Amino acid sequence: MSAEESKLLEAINQGPTTFEMDECVGLIRKRQSETSSDAEFERLDAFTKGMEQLAVSRMKSLASLAELRGVDVEQLMQELDITPPDVL
C-alpha cells in the first residue's frame with residue numbers, strides 16, 4: 001500500500017468519538033423535546049457543521065482513493081465495508 005493510499009484511508013476512517021456521538025444524541029433529544037438551552041442548541045449546531053465538514057472531507061478522500069485504485073466510489077465502499085451512516 002502506498003503512502004498516499006494510507007493517508008486517504010486514515011482520512012476516510014476519521015469520525016466522531018463515542019463520547020461526541022452520545023453528546024450529540026442527547027442534544028438532539030433535548031432539541032426535539034424543546035428543552036434545550038441556547039448554549040446546547042449552539043453546541044448542537046457547531047457539532048452538526050463539523051460533521052458536515054467531516055463528511056465532505058471523507059467523500060473527497062473516498063473519491064480520490066477510488067480514482068487511485070481505478071474503481072468507482074460505490075465499489076470502493078463495498079470493498080472497504082463502508083455503509084452510509086444512519087441519519088440522526
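This is a predicted model: local features need pLDDT of at least 70, side-chain atom pairs count only at pLDDT 80 or more; totals for chains, interfaces and linings use all residues.
Biologist: Is Glu-79 buried, exposed or partly exposed?
Modeller: Glu-79 has a relative accessible area of 45%. That makes Glu-79 partly exposed, because the class lies between the 20% and 50% limits.

Biologist: Let us turn to Glu-5. Which helix holds it?
Modeller: Glu-5 has its place in helix 1, which covers residues 3-12.

Biologist: Buried or exposed?
Modeller: Glu-5 is buried, because its relative accessible area of 15% falls under the 20% limit.

Biologist: What is Glu-5 in contact with, leaving aside neighbours within four places in sequence?
Modeller: Glu-5 is in contact with Leu-65, Leu-68 and Arg-69.

Biologist: A new topic: what is phi for Glu-34?
Modeller: Phi of Glu-34 is near 60 degrees, a positive value in a residue other than glycine.

Biologist: Where is Glu-34 found?
Modeller: Glu-34 lies in the loop that runs between helix 2 (18-32) and helix 3 (38-69). Glu-34 is exposed, with a relative accessible area of 73%.

Biologist: And what is phi for Asp-81?
Modeller: Asp-81, which is not a glycine, has a positive phi of about 55 degrees. Asp-81 is found in the segment after helix 4 (73-79).

Biologist: Is Asp-81 buried or exposed, and why?
Modeller: Asp-81 is exposed, because its relative accessible area is 66% and exposed means over 50%.

Note on methods. Residues are numbered from 1 along each chain as its sequence is written. Side-chain values use heavy atoms; hydrogens and water are left out. Helices (H or I, at least four residues) and strands (E, at least two) are DSSP runs, numbered from the N terminus. Buried means under 20% relative accessible area, exposed over 50%, partly exposed in between (1.4 Å probe, protein chains only). Contact means heavy atoms within 4.5 Å.
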